[in-house]
Amino acid sequence: MLHRLRARLGYALARRLFRWSWWVRQPRGWRWLEGRFARMASLGDVGAQSFYGHILLFRGQGLGAREEGVRLLRLAAEGGDGKAAYQLGLLSLAGDARQASDASEAARWWALASAAGHPWPRGAWPNSIEMAPRGCRPMPSGRRAWPRGRRHSGSRPTTSRYR
């Protein structure tokens, strides 16, 4: 009982200190923050699992940290966290060196994210029959699967204003 209370208070303080970049840059401070995040995630808190899983996935050092991040995100998604489920859908669709891309697995995670109330999976569904994985319906016609926006290809524009 006292252990859980201490973990919750430490986690709340760590989340507040995480906003201060000078604290995060200190190696001793970062180790303390990681300890609080890991302790709360190991106690089964879905929000802490999602938060620490995202940190390990995107900022962790090495393959072990990435795998631990994916494991924590999977636990959080199965616990009802929409953001973690959406991220797992993106990871499943992208694949990696050890695992091929799996569109049906991505659709399953996005369905979980949508059921949890996450707004983005509705825009991630494929919008044509050819792109839809087996067993998934395409988006209704008239909706774009990906939002419009400027494409940044890194090259210079073909027209110059100085001609």
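Q: Which side chain does Arg 71 meet in a salt bridge?
A: Glu 68. The N to O distance is 2.7 Å in this predicted model.

Q: Where do Arg 71 and Glu 68 lie?
A: Both are in helix α5. They are three residues apart, about one turn of the helix.

Q: How many salt bridges in the whole structure?
A: A search finds four. One of them joins Glu 67 and Arg 98, at 2.5 Å from N to O.

Q: Where do Glu 67 and Arg 98 sit in the chain?
A: In distant parts of the chain. Glu 67 is in helix α5, while Arg 98 is in the loop between α6 and α7. They are 31 residues apart.

Q: And how accessible are they?
A: Glu 67 is partly exposed, at 33% relative accessibility. Arg 98 reaches 59% and counts as exposed, because the cut-off for exposed is over 50%.

Q: What about Glu 105, which partner does its side chain meet?
A: Arg 108, in a salt bridge of 3.0 Å, N to O. Both residues are in helix α7. They are three residues apart, so about one helical turn separates them.

Q: What are the accessibility numbers there?
A: Glu 105 has a relative accessible area of 23%, which makes Glu 105 partly exposed. Arg 108 is at 43%, also partly exposed.

Q: Switching to Asp 81. Where is it?
A: In the loop between α5 (63-78) and α6 (82-94).

Q: Buried or exposed?
A: Asp 81 is buried. Even so, Asp 81 has no salt bridge.

Q: Which side chain of opposite charge is nearest, and why is there no bridge?
A: Lys 83 is the nearest, 7.4 Å away.

Q: Then what lies 2.9 Å from a polar atom of the Asp 81 side chain?
A: The backbone nitrogen of Ala 84.

Q: Which residues does Asp 81 touch beyond its sequence neighbours?
A: Val 46, Ser 50, Ala 76 and Ala 116. That list leaves out residues up to four places away in sequence.

Q: On to the surface. Which residues form the nonpolar patch?
A: Leu 2, Leu 5 and Leu 9 form a nonpolar patch. Together they have about 340 Å² of accessible area.

Q: Tell me about Leu 9. Where does it lie, and is it buried or exposed?
A: Leu 9 lies in helix α1, residues 2-17. Leu 9 is exposed, with a relative accessible area of 56%.

Q: Zooming out, how many helices and strands does the chain have?
A: Eight helices and zero strands.

Q: How much of the chain is buried?
A: Of its 163 residues, 33% count as buried.

Q: And the accessible surface?
A: About 11,700 Å² for the chain. Carbon and sulfur atoms account for 53% of that.

Q: Last one. What share of contacts join residues at least 24 apart?
A: The share is 37%, counted among contacts between residues at least 6 apart in sequence.

How values were computed
Residues are numbered from 1 along each chain as its sequence is written. This is a predicted model: local features need pLDDT of at least 70, side-chain atom pairs count only at pLDDT 80 or more; totals for chains, interfaces and linings use all residues. Side-chain values use heavy atoms; hydrogens and water are left out. Helices (H or I, at least four residues) and strands (E, at least two) are DSSP runs, numbered from the N terminus. Buried means under 20% relative accessible area, exposed over 50%, partly exposed in between (1.4 Å probe, protein chains only). Lys and Arg count as positive and Asp and Glu as negative; His and the chain ends are not counted. A polar contact is a pair of N or O atoms within 3.5 Å; within protein, one must be able to donate a hydrogen and the other to accept it, and residues adjacent in sequence count only if both atoms are side-chain atoms. Contact means heavy atoms within 4.5 Å. Patches are made of residues with over 30% relative accessible area and no salt bridge: like charges are joined within 9 Å, nonpolar side chains (Val, Leu, Ile, Met, Phe, Trp, Tyr) within 5 Å. Accessible areas come from the Shrake-Rupley method with a 1.4 Å probe; for residues, only the protein chains shown count as cover.
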